Amino acid sequence: MTMPTWIVVPCLLRLRDEFDDLAPHRDKREEGTIGDENHNSTSDHTPDEQSRHLKHKDADSRNEVHALDIDADLRLPGLGMEAAVQFLLARCRSGAETRLRYIIFNRRIWSASDGWQQNRYDGHDPHTGHAHFSARYDTPNEASTASWHLEDIPVALTADDKKWLSAEITKQVRGCINDIWEHNIGRATGGADQTAQGALVTANIRAGSVANRQLPDLADTVNRVAAQLKTVVH
C-alpha cells in the first residue's frame with residue numbers, strides 16, 4: 001500500500017525559515033521534521049493521517065507532520081537556544097502566540113495544556129542537542145504563517161562577543177569599502193574603464209588644477225577692489 005504524501009504544517013515551516021534568517025550558520029545535524037511513519041506512533045513527527053492515534057486530532061484530511069526540531073547550536077554570539085525557547089514561551093504565556101502545543105528542550109517540557117509551566121522531561125532523548133516544537137492540531141493555527149518575531153529575541157553579548165563582533169564588522173565594512181573603490185564606474189556609464197577610487201583621484205587632481213589656476217587671479221581681483229574702495233573712502 002502506498003503511503004499518502006505528507007507535508008510539514010506551514011506554521012512550523014515559517015518558524016524554521018525564521019531560524020534560518022536568525023542563525024544561518026547554525027549546526028543542523030540534529031534538525032528534522034518527519035521521524036516515524038509507524039501507524040501506531042503517537043509522535044508529532046509522524047504524518048497524522050498515517051497514525052491511528054493522530055488521524056482524528058484535526059478536522060482536515062491533509063497528511064501533516066506537526067513537529068520540528070531545531071539544532072541547539074545556533075552559532076551566534078550572545079544568543080543560544082535557551083534564549084529562543086524562553087522568548088517563545090513568553091509569547092505563548094501572554095497569548096501573543098497560539099500555534100504551539102508544547103516545547104521540549106534540555107530535559108524540560110512546557111505544554112499549553114499545563115499553562116506553559118516548566119516540567120521535567122524524562123523521555124529517552126533528553127533534547128540537549130536540539131529543541132522540539134510541536135504545533136497544535138487545528139487548521140487555522142497550522143496554516144498561519146504569521147511572524148514568530150524571532151528577530152526580537154534579546155541578545156546578551158559578553159565582552160568577548162563584543163570584541164569579536166567589532167572585529168567582524170570592521171572587516172566587513174572594509175570589504176564593502178574596497179568593493180566600492182574597485183567598482184568600475186567607467187564601464188557602468190559606457191565610458192573607459194575607471195574605478196571609483198581612480199575617479200576620485202582624478203577629480204581631486206582636476207579640482208586642484210583649477211584652484212591653482214584661478215586662485216591667483218581671484219587674489220589679484222580682491223586686491224584691486226580693495227585698493228579702489230580705499231581711494232573712494234579717502
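Residues are numbered from 1 along each chain as its sequence is written, and side-chain values use heavy atoms, with hydrogens and water left out. Because the model is predicted, local features need pLDDT of at least 70 and side-chain atom pairs count only at pLDDT 80 or more, while totals for chains, interfaces and linings use all residues.

**Exercise 1.** Determine how many aromatic pairs there are, and describe the geometry and setting of the rings.

Step 1. Rings of Phe, Tyr and Trp (its six-membered ring) pair if their centres lie within 6.5 Å; planes under 30 degrees apart count as stacked, over 60 as edge-to-face and the rest as tilted. The count by this rule is one aromatic pair.

Step 2. The ring centres of Phe-19 and Phe-133 are 6.1 Å apart and the planes stand at 40°, so this pair is tilted.

Step 3. Helices (H or I, at least four residues) and strands (E, at least two) are DSSP runs, numbered from the N terminus. Phe-19 belongs to helix α1 (residues 10-22) and Phe-133 to strand β7 (residues 130-135), so the pair ties together parts that are 114 residues apart in sequence.

Step 4. Buried means under 20% relative accessible area, exposed over 50%, and partly exposed in between (1.4 Å probe, protein chains only). Phe-19 is buried, at 0%, and Phe-133 also has 0% relative accessibility and counts as buried.

**Exercise 2.** State the strand order of the open sheet and identify its edge strands.

Step 1. Two strands pair if DSSP finds at least two bridges between them. The five strands follow the order β3-β7-β4-β5-β6, with antiparallel pairing.

Step 2. The edges are β3 (67-71) and β6 (118-120), each of which pairs on one side only.

Step 3. Between β3 and β7 there are five bridges; Leu-68 has Phe-133 of β7 as its bridge partner.

**Exercise 3.** Find which residues have the most contacts inside the largest nonpolar core, and which element supplies its largest share.

Step 1. A nonpolar core is a set of buried Ala, Val, Leu, Ile, Met, Phe, Trp, Tyr and Cys residues joined through side-chain atoms within 4.5 Å. The largest such core has 31 residues, and those with the most contacts inside it are Leu-12, Leu-15, Phe-19, Met-81, Val-85, Ile-103 and Phe-133.

Step 2. At least two core residues come from each of α1, β3, α2, β4 and β7. The largest share, seven residues, is supplied by α2.
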